[in-house]
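User: I have just opened this one and would like to go through it step by step. Could you pick a place to start?

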Amino acid sequence: MSTNSVPIAAWLTQESYNRLKTELDHLSGPGRTEIVARIEQARSEGDLKENGGYHAAKEEQGKAEARIRQLTHLLENAHVGESPADDGVVEPGMMVSAKIAGDVENFLLGSREVAGDTDIDVYSEKSPLGAAIQGTKAGDTVTYTAPNGKQITVEIISATPYVG
């Protein structure tokens, strides 16, 4: 059995890439400096065991460092570019309309980061649903196994490039 661990690149629009790069630059530069200053300020207030401000700042630092790692990995492995071809084939970067277990759903196939602050539903291409529908087109029907073990039928209605 192969244990090839080549990361799968996430598809990002140039706009999404730029937005995430700006966030990363802030978190790893001025954001880090601000958190360190808050930790030092709280540390100067005395006993660390009962210092709520210190513990809150340390927790914030942990979350920021985790986000820095996530963004670094995402941006290093991202496929940045134009939306995929408008050929109706389901692939990352496509808005998909599909009948899933009898209900019509519309969602973006790709990274949550592409949709930004919108309320668009996003399914990863690595999810069971995403993996099952990649390469399909309007009229195709596939079945996949959900995490709960149920077999779910999906009929692709349409796939069009996401325009963010």
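Analyst: Let us begin with Tyr144, whose bridge partner in strand 7 is Ile152. Please keep in mind that this is a predicted model, in which local features need pLDDT of at least 70 and side-chain atom pairs count only at pLDDT 80 or more, while totals for chains, interfaces and linings use all residues. Residues are numbered from 1 along each chain as its sequence is written, and side-chain values use heavy atoms, with hydrogens and water left out.

User: Okay, and how do strand 6 and strand 7 pair?

Analyst: Strand 6 and strand 7 run in the antiparallel sense and are paired over five bridges; two strands count as paired if DSSP finds at least two bridges between them. Strands here are DSSP runs of E with at least two residues, helices are runs of H or I with at least four, and both are numbered from the N terminus. Another pair of facing residues is Thr143 and Thr153, the latter in strand 7.

User: What sits in the turn of that hairpin?

Analyst: Five residues lie between strand 6 and strand 7 in the hairpin, and Gly149 in the turn has a positive phi of about 95°.

User: Which residues of strand 6 are on the covered face, and which on the uncovered one?

Analyst: Val142 and Tyr144 make up the covered face of strand 6, whereas Thr141, Thr143 and Thr145 make up the uncovered one.

User: Which strands does strand 3 pair with?

Analyst: Strand 3 (residues 94-100) is joined to strand 7 (residues 151-161) by seven bridges in the antiparallel sense, and seven bridges also join strand 3 to strand 4 (residues 103-109), again running antiparallel. Met94 shows both pairings, for it stands opposite Pro161 in strand 7 and has Leu109 as its bridge partner in strand 4. Further along, Ser97 has Ser158 as its bridge partner in strand 7.

User: And where is Ala101?

Analyst: Ala101 lies in the loop between strand 3 and strand 4, two strands that form a hairpin with two residues between them. Ala101 has a positive phi of about 50° although it is not a glycine.

User: Is Ala101 buried or exposed?

Analyst: Ala101 is exposed, with a relative accessible area of 59%; buried means under 20%, exposed over 50% and partly exposed in between, using a 1.4 Å probe and protein chains only.

User: What about strand 4 and strand 5, parallel or antiparallel?

Analyst: Strand 4 and strand 5 run parallel and are joined by two bridges, and Leu108 has Val122 in strand 5 as its bridge partner.

User: How many aromatic pairs does the structure hold?

Analyst: The structure holds one aromatic pair, formed by Phe107 and Tyr123, which are edge-to-face at 4.7 Å centre to centre with 85° between the planes. Rings of Phe, Tyr and Trp (its six-membered ring) pair if their centres lie within 6.5 Å, and planes under 30 degrees apart count as stacked, over 60 as edge-to-face and the rest as tilted. Because Phe107 lies in strand 4 and Tyr123 in strand 5, the pair ties together parts that are 16 residues apart in sequence. Phe107 counts as buried, since its relative accessibility is 0%, while Tyr123 counts as partly exposed at 28%.

User: Switching topic, which helix holds Ile133?

Analyst: Ile133 is found in helix 4 (residues 128-133), and at 0% relative accessibility Ile133 counts as buried. Its C-alpha atom is separated by 8.1 Å from that of Glu91, although Ile133 and Glu91 are 42 residues apart along the chain.
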